[in-house]
Amino acid sequence: MRIRIFDTSHEAGLYAASIVEQTILNTAHPVLGLATGSTALPLYEELVRFHRCGLDMAHVRSINLDEYVGLGADHPQSYRYFMNQHLFGHVNIPEEQTHVPNGTATDLASACLDYDDIVRKYPIDIQILGIGVNGHIGFNEPDDLLLSNTHVVTLTHETVRSNARFFESEDDVPKQAITLGVQAILQAKSIILMAFGEAKADAIARSIQGEVRTDVPASILQLHRDVTFILDTQSASKLSASRSMRG
Ligand code: GLP
């Protein structure tokens, strides 16, 4: 496990983008596992800038982590819309090579199975993750068990409350989502988890320095052999110095 701590999220985003760029340049058919949320924005800003400076992404495939149930591509809070706005609309990844779970599928169970087929067919080279204040990754919420495959999840009150900042009110936040399970995440060849701000400090300390526990889903990343935590000083503020210095 590597830990990198930056003064600003902008610098952290640049670092993350450089790692993703290496994957894009050094892999014949790179598959990026992508995340939504404000944390991913500095990374996408830099990737868009790299593309404007010449980075070709025509051979890239992307597989997003999750989507709200009930929100279609034209809903401004859907994760497909987010990806179009912040990345896909500005780079040259062909649309048919971008995958986001279908939150408006009439048969959600079969949409989940289809999504697992995509991940099996296109193994993820590098998985980008944010983290919820409760330690969730994707929408794998703290629970007695973590599910392996893509599934429909009922969001915790904490997540609904936390994500309400993007909606008019808490009532407008969908209560369910489709998320990749932990198996697909752990099967990625490498993983980057990004976290910024004090609100994430507890979740980060518990994920990196605590025990591996299903009620702290990101702690399962301790089991992966190629994980980089990209943090700012606030999100790293509850790590004990000896460990955070090790990098
Ligand atoms: C949502 C997403 C997560 C993301 C989290 C953090 O809950 N499902 O994948 O990591 O938000 O969001 P933010 O980066 O805005 O704090």
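**Exercise 1.** In this predicted model, determine how helices H2 and H3 are oriented to each other.

*Solution.* For helix H2, residues 41-52, and helix H3, residues 79-86, the axes come within 10 Å and cross at roughly 40°. An angle under 35 degrees would count as roughly parallel, while 65 to 115 would count as roughly perpendicular. H2 and H3 are therefore oblique to each other.

**Exercise 2.** Work out which residues of H2 and H3 meet, and how many of them are nonpolar, polar or charged.

*Solution.* On the H2 side, the residues are Leu41, Tyr44 and Val48, and they meet Phe82, Met83 and His86 in H3. Sorted by class, this contact of H2 with H3 has five nonpolar residues, one polar residue and no charged residues.

**Exercise 3.** Describe which residues come nearest to the ligand, and which atoms of isoleucine 131, glycine 138 and arginine 165 lie 3.2 Å from ligand atoms.

*Solution.* Around the ligand there are 15 residues, of which Ser38, Thr39, Asp66, His136 and Lys200 come nearest. Turning to individual atom pairs, a backbone N or O atom of isoleucine 131 lies 3.2 Å from an oxygen atom of the ligand, and a polar backbone atom of glycine 138 is 3.2 Å from a nitrogen atom of the ligand. For arginine 165, by contrast, an N or O atom in the side chain is 3.2 Å from a ligand oxygen atom.

Technical notes. Residues numbered from 1 in each chain as written. Predicted model: local features only at pLDDT ≥ 70, side-chain atom pairs only at ≥ 80, totals over all residues. Heavy atoms only, no water. Axes fitted to C-alpha atoms, helices over the stretch in contact; angles between N-to-C directions. Helix = DSSP H or I, 4+ residues; strand = E, 2+ residues; numbered from the N terminus. Parallel < 35°, antiparallel > 145°, perpendicular 65-115°, else oblique. Contact = heavy atoms within 4.5 Å. Nonpolar A, V, L, I, M, F, W, Y, C, P; charged D, E, K, R; others polar. Near = heavy atom within 4 Å. Polar contact = N/O pair within 3.5 Å; in protein donor to acceptor, adjacent residues only side chain to side chain.
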